[in-house]
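Thanks for coming. I have one structure to go through today, first as a whole and then residue by residue. Please have the viewer open.

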Amino acid sequence: QVQLIETGGGLVQAGASLRLSCAASGPINSIHVIGWFRQVAGKEREWLAGLVWSGGSTFHSDSVKGRFTMSREHADNTVYLQMNNLNPEDTAVYYCAAQVKRVGTYDSWGQGTQVTVAS
């Protein structure tokens with residue numbers, strides 16, 4: 001099965017930038033779409049961005065468009081989330097997820113990485 005490992009989280013000051021990485025392994029050719037989500041404790045998980053695995057097209061939530069950018073490095077099967085001008089409201093656990101078995105359903109998830117933005 002597809003495995004996803006996120007790295008790059010940490011504690012930063014407001015206004016800083018951070019880049020998250022998600023390394024995919026296993027039967028990666030079965031991935032349809034890969035995306036980034038975040039979740040604050042006690043709140044619903046929020047979708048941030050997605051990337052079509054075969055073609056590379058990306059799409060971003062309006063809530064982060066212009067500040068967050070998703071991209072892919074084909075050589076190492078890694079996707080990134082570049083996050084700029086972070087603010088305390090961006091504090092959350094960030095997850096990478098993939099649509100594998102069924103288009104439209106994110107069914108493979110990473111373990112998450114914590115991002116904390118101090119004011």
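I will start with the overall fold and then turn to a handful of residues.

One caution at the outset: this is a predicted model. Every number I quote is computed from it.

How many helices and strands does the protein have? The count is zero helices and 11 strands. Written out along the sequence, the pattern is β-β-β-β-β-β-β-β-β-β-β. The radius of gyration is 14 Å, close to the 14 Å that the globule rule gives for 119 residues, so the protein is as compact as a globular protein of that length. For the dimensions, the C-alpha trace spans about 40 × 30 × 25 Å along its principal axes.

Of the 119 residues, 43% count as buried. If you take the contacts with a separation of 6 or more, 53% of them are between residues 24 or more positions apart. The accessible surface comes to about 6,100 Å², and carbon and sulfur atoms hold 48% of that. On charge, there are 9 positive and 9 negative side chains, and the centres of the two sets lie 3 Å apart.

Next, the loops. Please go to the one between strand S6, residues 58–60, and S7. Gly 66 sits there. Is Gly 66 buried or exposed? Its relative accessibility is 74%, so Gly 66 counts as exposed, the cut-off being over 50%. Gly 66 and Met 83 are 17 residues apart along the chain, and their C-alpha atoms are separated by 9.4 Å.

Move on to the loop between strand S7, residues 68–73, and strand S8, residues 78–83, where you will find Asp 76. With a relative accessible area of 39%, Asp 76 is partly exposed. From Asp 76 to Leu 86 the separation is 10 residues in sequence and 27 Å in space, C-alpha to C-alpha.

Staying with S7, Arg 72 lies in that strand. Arg 72 has a relative accessibility of 18%, and it counts as buried because the limit is under 20%. What lies 2.5 Å from a polar atom of the Arg 72 side chain? That is the backbone oxygen of Trp 53. Leaving out residues up to four places away in sequence, Arg 72 touches Leu 51, Trp 53, Asn 77, Thr 78 and Val 79.

The last stop is the loop between S8 and strand S9, residues 92–99, which holds Asp 90. Asp 90 is at 1% relative accessibility and counts as buried. Which side chain is joined to that of Asp 90 by a polar contact of 2.8 Å? The partner is Arg 67. Beyond its neighbours within four places in sequence, Asp 90 is in contact with Arg 38, Arg 67, Phe 68, Asn 85, Val 115 and Val 117.

One residue from that list deserves a separate look. Asn 85 is also in the loop between S8 and S9. Asn 85 is not a glycine, yet its phi is positive, about 50°.

Notes: Residues are numbered from 1 along each chain as its sequence is written. This is a predicted model: local features need pLDDT of at least 70, side-chain atom pairs count only at pLDDT 80 or more; totals for chains, interfaces and linings use all residues. Side-chain values use heavy atoms; hydrogens and water are left out. Helices (H or I, at least four residues) and strands (E, at least two) are DSSP runs, numbered from the N terminus. The radius of gyration is taken over C-alpha atoms; the globule rule is 2.2 Å times the number of residues to the power 0.38. Buried means under 20% relative accessible area, exposed over 50%, partly exposed in between (1.4 Å probe, protein chains only). Contact means heavy atoms within 4.5 Å. Accessible areas come from the Shrake-Rupley method with a 1.4 Å probe; for residues, only the protein chains shown count as cover. Lys and Arg count as positive and Asp and Glu as negative; His and the chain ends are not counted. The place of a charge is taken as NZ of Lys, CZ of Arg, CG of Asp or CD of Glu. A polar contact is a pair of N or O atoms within 3.5 Å; within protein, one must be able to donate a hydrogen and the other to accept it, and residues adjacent in sequence count only if both atoms are side-chain atoms.
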